[in-house]
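The following exercises concern the relations between chains in an assembly. Each task is followed by a solution in steps.

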Number of protein chains: 6
Amino acid sequence: MSTIAPCADPESNPRVKAVFDDIRATRQTDFINNMWRYLAFDPDLLEQTWRDVKRIMATPSALDPLTKELLYIAVSVANGCGYCVHSHTASARAKGMSPQQHAELMSIVSLAARTNHLATALQVPVDPVFDRG
Amino acid sequence: MSTIAPCADPESNPRVKAVFDDIRATRQTDFINNMWRYLAFDPDLLEQTWRDVKRIMATPSALDPLTKELLYIAVSVANGCGYCVHSHTASARAKGMSPQQHAELMSIVSLAARTNHLATALQVPVDPVFDRG
Amino acid sequence: MSTIAPCADPESNPRVKAVFDDIRATRQTDFINNMWRYLAFDPDLLEQTWRDVKRIMATPSALDPLTKELLYIAVSVANGCGYCVHSHTASARAKGMSPQQHAELMSIVSLAARTNHLATALQVPVDPVFDRG
Amino acid sequence: MSTIAPCADPESNPRVKAVFDDIRATRQTDFINNMWRYLAFDPDLLEQTWRDVKRIMATPSALDPLTKELLYIAVSVANGCGYCVHSHTASARAKGMSPQQHAELMSIVSLAARTNHLATALQVPVDPVFDRG
Amino acid sequence: MSTIAPCADPESNPRVKAVFDDIRATRQTDFINNMWRYLAFDPDLLEQTWRDVKRIMATPSALDPLTKELLYIAVSVANGCGYCVHSHTASARAKGMSPQQHAELMSIVSLAARTNHLATALQVPVDPVFDRG
Amino acid sequence: MSTIAPCADPESNPRVKAVFDDIRATRQTDFINNMWRYLAFDPDLLEQTWRDVKRIMATPSALDPLTKELLYIAVSVANGCGYCVHSHTASARAKGMSPQQHAELMSIVSLAARTNHLATALQVPVDPVFDRG
């Protein structure tokens, strides 16, 4: 079930092929997951999305690669995106997430959801000491 | 603005005082932030919430303390909880989050939100290879 | 802070006055809360919203009035609507919500949020026995 | 998978039949999509929902029909409703949405999600000039 | 589709077996639904989740058992958790929810969502009289 | 209240000044709203966010400028972002949104939220005819 029809031969479009080639090279795999195959219906959207995913997720930076995947999963769970939860859980495993770390991620995500709802239900005022702005 | 009236002297209740004492001892500070002051309207709720926050966030485990705070912020942003975003950003800073790490957290959270919405809008089918269950 | 300017004298519009009169008669109070004052910028929107709020919330039905308010709070918390959390917590108190019931509502809402996030994070398949359709 | 059992012969109920007839006449098609078939378990709910969908979406007004469908999709994506994303994407196509407009809708929805999360993460204060109320 | 592989024989782990036994005894049924089977990948997470679900949902308290299930459904709908909507709708039926009450729950949940979005869109200021804090 | 301290003199940083200059030139105004002032704490984040906002929102395209702002508001309401609701409502007014169009936007956003919650509550199966993928 999808709202668009993925192209039968997306790489016949040279812009799509260039992105797919870069995904394969960056990730060192021949596998192109559905997210990219479906985004390929619009080469602009595909290029811009991949450019930022690559820059933010696949470039060495101040946070290590596994932490970045865990953060991605956390946001995706809270936003209720089943596709992203699946794909980034797979990525986190590929980057070394242990079952214990996975269970701990579950604990933190569900704890945060719980206190998010409590703070919203009580409409707790922000302590002045937390204000930086 | 809040939906409950915080107690003027919450520590006159010995169960509340015990929790507040444990918060001060665990965090090595005299500061009790509003979340706990407001939850104190119901000692059961206060005790159970603190018990789990302490166990999950303040006990050495498979994820380091800063990573746990970053995850907490990520979920709180996606759930739109202003109070929790404020309090856990302060905690993350106290645990060493650099401005560069903060900016990177912003990049990842907003990138995930973006692709979450794209995957939902396209209703991208989950790749069979991601299925573990 | 609001995105529209509330009318200085909303009841100079007879359609607005008719709705405000019905709110006062239905609720047995002279108080018109801001939600209605702001919706009054468009009499159609005001009439249609009040018509359904009155029909669903202020008409005897299969659920008692307090239960309906608790449900309203629960949805409003999960949707992060501070205004509605405030106004319906006040309504629930006016309809007899005890502090113990309020605390229990907090427990249930935060427990549901917690397991909602767990089920989404694990992408737990729905048991066939739950399917009715 | 559904939480209710759709009626085998919903149009044996004259109130359901009247709504279905009006849907067919309004939309100029014999097709009744599942949303209405499932809502038919409660004729009140069916009538009230259709009455408002018809009034808001199928009556000439200040916004053109395609814009209304695009807005419906945008909200449905942000609320994570797969059913509504599917049904309103189909409606938008039927009302002339081009692939280019679809791609642009994706760009705007995902951009808004991205800056929504940034503004929430930074807790940016609203500029006084934006306040109307 | 799931992000973890459920254990083939979860009750070979005595901690999992103890929880499953308590679920069966508490609910007076042999049926263990998938939520618990999947959480069993981590006995800590399983024990802590069940402990709180049992305490809050299966212990006599200030709210009756059916009201608690209705609240659980309301939050789960707003959070977009299909699994929890399915499982708690089944529980509500088992606890006596009538079709009329189910339809009324639908009316209240969708009405609250509607006014939640209106209040957020208009950014209606909270009336001072609603403030307790 | 904010989680970061905005720079006292952001334009002393040439990269920030370049973005602010481009915002002023693109929008034909001297006003820089808080979103950009706060994002300026990290020039990378500022540049990348503005680059995409400019490309998507301020470049002639398949959707007219007012429709784009209405879509932005719709997503921001559903995501509960008060800042973005305020700023894009102001932008929509500047681009010609009439009070009637504003009221209609409110009707559509709240109608979509209502049926989103109904479809999720009933877990309505997607009609096969809607599937394109």
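**Exercise 1. Contact between two helices**

Task: Determine which residues of α6(E) meet which residues of α6(F), and describe how the helices pack.

Solution. The model is a predicted one.

Step 1. From α6(E), the residues in contact are E:M106, E:V109, E:S110, E:A113, E:R114, E:N116, E:H117, E:L118 and E:A121. They meet F:M106, F:V109, F:S110, F:A113, F:R114, F:N116, F:H117, F:L118 and F:A121 in α6(F).

Step 2. Sorted by class, this contact of α6(E) with α6(F) has 10 nonpolar, six polar and two charged residues.

Step 3. Two packed helices are described by the angle between their axes and the distance between the axes. Here helix α6 of chain E and helix α6 of chain F, residues 99–122 in each, pack at about 145°, and their axes are 8 Å apart. The crossing in which α6(E) passes α6(F) is right-handed.

**Exercise 2. Chains A and B**

Task: State which rotation superposes chain B on chain A, and characterise the interface of these chains.

Solution.

Step 1. Chain B is superposed on chain A by a rotation of 180° with 0.0 Å of shift along the axis, at an RMSD of 0.0 Å. The two copies are therefore related as by a two-fold rotation axis.

Step 2. In the interface, 56 residues of chain B are in contact with 57 residues of chain A. The elements of chain B that give two or more residues to this side are α2 (34–39), α3 (43–57), α4 (65–78), α5 (82–94) and α6 (99–122). The largest share, 16 residues, comes from α6(B).

Step 3. The side of chain B that touches chain A has 32 nonpolar, 20 polar and four charged residues.

Step 4. Of the interface residues of chain B, 100% are also interface residues in chain A, so the copies meet through the same surface.

**Exercise 3. Chains B and F**

Task: State which rotation superposes chain F on chain B, and decide whether the copies use the same or different surfaces.

Solution.

Step 1. A rotation of 120°, with 0.0 Å of shift along its axis, superposes chain F on chain B (RMSD 0.0 Å). The two copies are thus related as by a three-fold rotation axis. In chain F, the C-alpha nearest the axis belongs to F:G80, 3.8 Å from it.

Step 2. The copies use different surfaces, since 14% of the contact residues of chain F recur in chain B.

Step 3. Seven residues from chain F and nine residues from chain B form the contact. The chain F side has two nonpolar, three polar and two charged residues.

Definitions and conventions. Residues numbered from 1 in each chain as written. Chains lettered and ligands numbered in written order. Predicted model: local features only at pLDDT ≥ 70, side-chain atom pairs only at ≥ 80, totals over all residues. Least-squares fit on C-alpha atoms with pLDDT ≥ 70 in both. Helix = DSSP H or I, 4+ residues; strand = E, 2+ residues; numbered from the N terminus. Nonpolar A, V, L, I, M, F, W, Y, C, P; charged D, E, K, R; others polar. Axes fitted to C-alpha atoms, helices over the stretch in contact; angles between N-to-C directions. Left-handed = near helix turned anticlockwise from the far one by under 90°.
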